[in-house]
Amino acid sequence: MSKELEEEFVKQLDENQNIVHKICRLYTNDQHAHNDLFQEVTVQLWRAYPKFRGDAKFSTWMYRVALNTAITLYRKSTRRVKTQDYESVQFKIEDRQEEDEQMEQLTLLYGAVKQLNDIEKALVFLYLEDKNYREISETMGISEVNARVKMNRIKTKLTNIINP
Amino acid sequence: MDQLDILKQNWQSQTTDAPRFTKDQLGGLLAKRSSSIVKWLFIIAIIEFAFFIVLGMASHLHNQSSNIDVIGQMGNVFYYGSSLLHYVVIFIFIYLFYQNYKNISTSQPTRSLMDAILKTRRTMKWYIWYNLTYMMVVGMIATVIVIPQDPKIIELMASPKMAGHETAFYLIVLGASFVVFLIICVIMYLIYLLIYGILLRKLKRNYHELKRMEV
């Protein structure tokens, strides 16, 4: 593939790499696995890139490829599920002005999301990224109604995890 | 406001422990090899195609150099006809596999991606069953036609002890080859269960989870 195409791709990936980091953080539990998944997502994005060429927004297309890689193609993550370290569960935000109490709540919530299964995590991720139900249903390949119903169930499940 | 919305409000300002990659590092990642299940699916398929093609060729060479005139006994038309048919079918399988494999794209919705992968794996399952069935049918026919012509068997049959037991003898030979075939099938099935089980465990779990939503 040509040099220009590569430069163009790297530029867009660089601008959007935070999306991939967020997905990796959700699906892995340590730094090594995180980088491993990041690498696989990058490889898959690069492979699919020649067919992309602007029929959707780069980031929208990226959600799909990255989530598909995490849910379906990537194989190593399951091995590491049990070695969950504290750092990966703690939710971190940029400005530290938030009150401790709220930080604690956010960490608790994030920890609960991490306990969901792969599919539920994908739905929650898209929801947190402010995607509407149409986009969620198109990304996952399920109907909009089912996405909505599932999302409500996930919310109940999260409440149950937090307040057992 | 529900709890998920509290997380949503702060979601965009989250930071990760992972350092951001520089553009150079990202460029370097592009050259890395994939370790995805699709790659493994491809490698396993190549091994399967190669295995049965080599097995078929080895059996041809064996028949040609055999003491017994296997090809002559079975008849040229039947022998070469069935071999030709066999390779045509293998070629069709390679074509089907290639078509299915091409349809696996990470840009499609999760559900269709999973369908495409499972369809590719099903093609390979049918390929294995086809080969085993072919081996059994041809093997049985060869047993019935060739064994009675084997000089050692003729000698054995001529002995007084075997008088009146010819049919029973051939039935036992057929039965034994059928049992051997069954054992090969079971072993193949177990190897298959193991390889694809490990490879596709996560995919199947997530596929069922997606399907469960539709109920």
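In the predicted model, A122(A) is in contact with L67(A), I71(A) and M140(A), once its neighbours within four places in sequence are left aside. A122(A) also belongs to the largest nonpolar core, which has 68 residues. Among the residues with the most contacts inside this core, A122(A) is listed together with I23(A), L37(A), A66(A), A70(A) and L123(A). Helix α3 of chain A, residues 58–73, gives the most to the core, with 9 residues. Both domain 1 (1–84) and domain 2 (97–164) of chain A give residues to the core, so the core lies between these two domains. In soluble globular proteins, nonpolar side chains tend to be buried together.

The overall make-up of chain A is helical, with 8 helices and 0 strands. Along the sequence the pattern reads α-α-α-α-α-α-α-α. Chain A has 164 residues, and 41% of them are buried. Of the contacts in chain A between residues at least 6 apart in sequence, 65% join residues at least 24 apart.

The domain assignment divides chain A into domain 1, covering residues 1–84, and domain 2, covering residues 97–164. The C-alpha centres of the two domains are 20 Å apart. Where the domains touch, 7 residues of domain 1 are in contact with 8 residues of domain 2. On the domain 1 side, α1 (3–27) and α3 of chain A each supply at least two residues. Helix α3(A) gives the most to that side, with 4 residues. By residue class, the domain 1 side consists of 6 nonpolar residues, no polar residues and 1 charged residue.

Helix α5 of chain A, residues 100–114, has 15 residues. From its first C-alpha to its last, α5(A) reaches 21 Å, close to the 21 Å expected at 1.5 Å a residue. The buried residues of α5(A) are L106(A), L109(A), Y110(A), A112(A) and V113(A). Seen down the helix axis, these buried residues fall within an arc of 155°, so they line one face of α5(A). On the other side of the helix, D100(A) and E101(A) are exposed.

The loop between α6 (118–128) and α7 (133–140) of chain A contains D130(A). The phi angle of D130(A) is near 65°, a positive value in a residue other than glycine. D130(A) has 10 C-beta neighbours inside 10 Å and therefore counts as exposed, since the cut-off for an exposed residue is 12 or fewer.

Between the chains, 44 residues of chain B are in contact with 57 residues of chain A. On the side of chain B that touches chain A, the elements giving two or more residues are α1 (3–11), α2 (23–30), α3 (37–65), α6 (110–146) and α8 of chain B. Of these, α1(B) gives the most, with 7 residues. The residues on this side of chain B divide into 18 nonpolar, 16 polar and 10 charged.

Helix α6 of chain B holds T133(B) and Y134(B). T133(B) is exposed, because 12 other C-beta atoms lie within 10 Å. Y134(B) has 17 other C-beta atoms within 10 Å and is therefore partly exposed. In sequence, Y134(B) is 48 residues from H86(B), while their C-alpha atoms are 7.9 Å apart in space. T133(B) and S59(B) are 74 residues apart in sequence and 16 Å apart from C-alpha to C-alpha.

Helix α8 of chain B, residues 166–212, is the place of F169(B). With 15 C-beta neighbours inside 10 Å, F169(B) counts as partly exposed. The C-alpha atoms of F169(B) and M157(B) are separated by 9.2 Å, and the two residues are 12 apart along the chain.

Technical notes. Residues are numbered from 1 along each chain as its sequence is written. Chains are lettered from A and ligands numbered from 1 in the order in which they are written. This is a predicted model: local features need pLDDT of at least 70, side-chain atom pairs count only at pLDDT 80 or more; totals for chains, interfaces and linings use all residues. A nonpolar core is a set of buried Ala, Val, Leu, Ile, Met, Phe, Trp, Tyr and Cys residues joined through C-beta atoms within 7 Å. A residue is buried if 20 or more other C-beta atoms lie within 10 Å of its own, exposed if 12 or fewer, and partly exposed in between; C-beta atoms are placed from the backbone. Domain bounds come from an automatic or database domain assignment. Two residues are in contact if their C-beta atoms, placed from the backbone, lie within 7 Å. The expected span of a helix is 1.5 Å times one less than its number of residues. The arc is that of the directions from the helix axis to the C-beta atoms. Ala, Val, Leu, Ile, Met, Phe, Trp, Tyr, Cys and Pro count as nonpolar, Asp, Glu, Lys and Arg as charged, and the others, Gly among them, as polar.
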